[in-house]
Amino acid sequence: MTEEPQITALSFEDALKELERIVARLESGDALLDEAIALYERGDALRRQCAARLDAAQARIEAIRADADGRVTGTTPFAAG
């Protein structure tokens, strides 16, 4: 495999795109066993990084809630979905 950027340096969008490429490569069945294992490991690390970024974004949304006048009204749980 080629030199890959550090996962923590990737934006959420770039990490997600790379994860999608890895999934497509694994689903194609064209990767040799050693390559497939390396791809799976990187994909898992990318998945964890994306999940951490989403959790951080959710925490920011929950932390800052304002009313129509811009006054902070406290925190409320983020309703994903």
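**Helix packing and the nonpolar core**

Reader: What is the handedness of the crossing of α1 and α2?
Author: The crossing of α1 and α2 is left-handed, a term used when the near helix is turned anticlockwise from the far one by less than a right angle. Helices here are DSSP runs (H or I, at least four residues), numbered from the N terminus. This is a predicted model, in which local features need pLDDT of at least 70 and side-chain atom pairs count only at pLDDT 80 or more, while totals for chains, interfaces and linings use all residues. Residues are numbered from 1 along each chain as its sequence is written, and side-chain values use heavy atoms, with hydrogens and water left out.

Reader: At what angle do α1 and α2 pack, and how far apart are their axes?
Author: Helix α1, residues 12–28, packs against helix α2, residues 33–63, at about 150 degrees, and their axes are 9 Å apart. That makes α1 roughly antiparallel to α2, the label for angles over 145 degrees. The axes are lines fitted to C-alpha atoms over the stretch in contact, and angles run from 0 to 180 degrees between N-to-C directions.

Reader: Which residues make the contact?
Author: From α1 they include Phe 12, Leu 19 and Ile 22, and from α2 they include Leu 39, Leu 46 and Cys 50, where contact means heavy atoms within 4.5 Å. By class, this contact has 12 nonpolar, 1 polar and 6 charged residues; Ala, Val, Leu, Ile, Met, Phe, Trp, Tyr, Cys and Pro count as nonpolar, Asp, Glu, Lys and Arg as charged, and the others, Gly among them, as polar.

Reader: Switching topic, is Leu 10 buried or exposed?
Author: Leu 10 is buried, with a relative accessible area of 11%, buried being under 20% and exposed over 50% (1.4 Å probe, protein chains only). Leu 10 lies in the segment before α1.

Reader: And what does Leu 10 contact, leaving aside its neighbours within four places in sequence?
Author: The partners are Pro 5, Ala 15, Glu 18, Arg 42, Leu 46 and Arg 53. Leu 10 and Leu 46 are 36 residues apart in sequence, with 9.3 Å from C-alpha to C-alpha.

Reader: Which residues make up the largest nonpolar core?
Author: That core has 10 residues in all, among them Leu 10, Leu 46 and Cys 50; a nonpolar core is a set of buried Ala, Val, Leu, Ile, Met, Phe, Trp, Tyr and Cys residues joined through side-chain atoms within 4.5 Å. The largest share, 4 residues, comes from α2.

Reader: What about Gln 49, buried or exposed?
Author: Gln 49, in helix α2, is buried at 16% relative accessible area. Not counting residues up to four places away in sequence, Gln 49 touches Ile 7 and Thr 8.

Key. Helices (H or I, at least four residues) and strands (E, at least two) are DSSP runs, numbered from the N terminus. Angles under 35 degrees count as roughly parallel, over 145 as roughly antiparallel, 65 to 115 as roughly perpendicular and the rest as oblique.
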